[in-house]
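Reader: I have a new model open on my screen and would like to walk through it with you. Shall we start with the overall picture and then move on to the details?

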Amino acid sequence: MQGFIFKDFLEFANKRLGNAVVDQALAQCQLESRGVYSTRQQYNPRELVTLLGELSRQTGHSGRELLQSYGQWLFKTLVNLPLPMRPFDDSFSFLAAVEEGFHKEVRELFPNANLPRLTCERGGPHEMTLEYQSALGLADLAYGLLLGCCDHFQESVEIQRESLAAGGTHERFHLKRG
Ligand code: HEM
């Protein structure tokens with residue numbers, strides 16, 4: 001996983017949970033990186049899971065809850081990256097462009113990137129399904145990103161989750177726009 005994601009996660013955790021909690025969690029976890037990440041380097045994605053577990057233990061928020069809130073935060077980080085981005089009319093057209101647009105570019109720039117497989121299908125003007133698949137099992141992060149995307153476009157979208165495998169590795173999201 002890119003150092004840039006870890007740095008962004010630590011920023012999120014420091015802001016939302018406080019520096020003292022994050023420092024304590026880092027001290028407990030004894031991560032290989034020691035919690036020092038450089039933007040363009042790759043790190044073991046397990047560090048995120050370990051850190052989440054410790055933050056969850058210390059704060060009483062579940063790991064799933066933390067991952068979901070981080071997804072909402074991460075969406076803002078991603079849309080504010082200085083990338084040439086064509087304007088999107090709405091959340092559905094944005095989501096339809098992630099796999100073949102943003103993630104494809106990330107794969108080209110960083111061949112070792114850990115990216116999920118996302119498959120979108122339009123079920124009509126106000127319905128879409130998005131299927132997430134990744135060995136990293138970050139379906140809760142994907143859910144948070146979807147919530148962040150709907151917020152960004154100021155749309156009210158009902159999202160139902162259908163788990164297709166244990167461990168958050170394969171999930172189908174049913175989106176219905178109000
Ligand atoms: C709402 C739309 C999006 C969803 C649902 C989504 C989903 C995800 C998820 C769940 C991951 C974690 C890796 C995994 O689970 O395998 C990820 C990683 C990533 N995504 Fe997206 N993403 C979205 C939009 C974007 C956008 C707009 C960008 C902009 C460039 C982006 C760039 C990245 C990058 C850089 C990573 C990290 C790769 C790595 O650490 O190696 N994503 N994405």
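Predicted model: local features only at pLDDT ≥ 70, side-chain atom pairs only at ≥ 80, totals over all residues.

Reader: Which pattern does the protein chain follow along the sequence?

Author: The protein chain holds seven helices and four strands. Read along the sequence, they give the pattern α-α-α-α-α-α-β-β-α-β-β.

Reader: How many Å separate the centres of domain 1 and domain 2?

Author: The domain assignment places domain 1 at residues 3-61 and domain 2 at 77-177. Along its principal axes, the C-alpha trace of the whole chain spans about 50 × 35 × 30 Å. Taken over C-alpha atoms, the distance between the centres of the two domains is 23 Å.

Reader: Are helix 1 and helix 3 roughly parallel or roughly antiparallel?

Author: The axes of helix 1 (residues 3-17) and helix 3 (residues 46-59) come within 12 Å and cross at roughly 5°. Angles under 35 degrees count as roughly parallel. Helix 1 and helix 3 are therefore roughly parallel.

Reader: How do the residues of that contact between helix 1 and helix 3 divide?

Author: Helix 1 contributes Phe6, Phe9, Ala13 and Leu17, while helix 3 brings Glu47, Leu48, Leu55 and Thr59. By class, these contact residues are six nonpolar, one polar and one charged.

Reader: Which helix gives the most to the shell around the ligand?

Author: The ligand is surrounded by 23 residues, the closest being Gln2, Ala113, Pro116, Ser134 and Leu138. Helix 4 (63-79), helix 6 (98-109) and helix 7 (139-152) are the elements that give two or more residues. The top contributor, with five residues, is helix 7.

Reader: And how many residues of the shell around the ligand are charged?

Author: The shell around the ligand has 19 nonpolar and four polar residues. As for charged residues, the shell has none.

Technical notes: Residues numbered from 1 in each chain as written. Axes fitted to C-alpha atoms, helices over the stretch in contact; angles between N-to-C directions. Parallel < 35°, antiparallel > 145°, perpendicular 65-115°, else oblique. Contact = placed C-beta atoms within 7 Å. Nonpolar A, V, L, I, M, F, W, Y, C, P; charged D, E, K, R; others polar. Domains from an automatic or database assignment. Near = placed C-beta within 6 Å.
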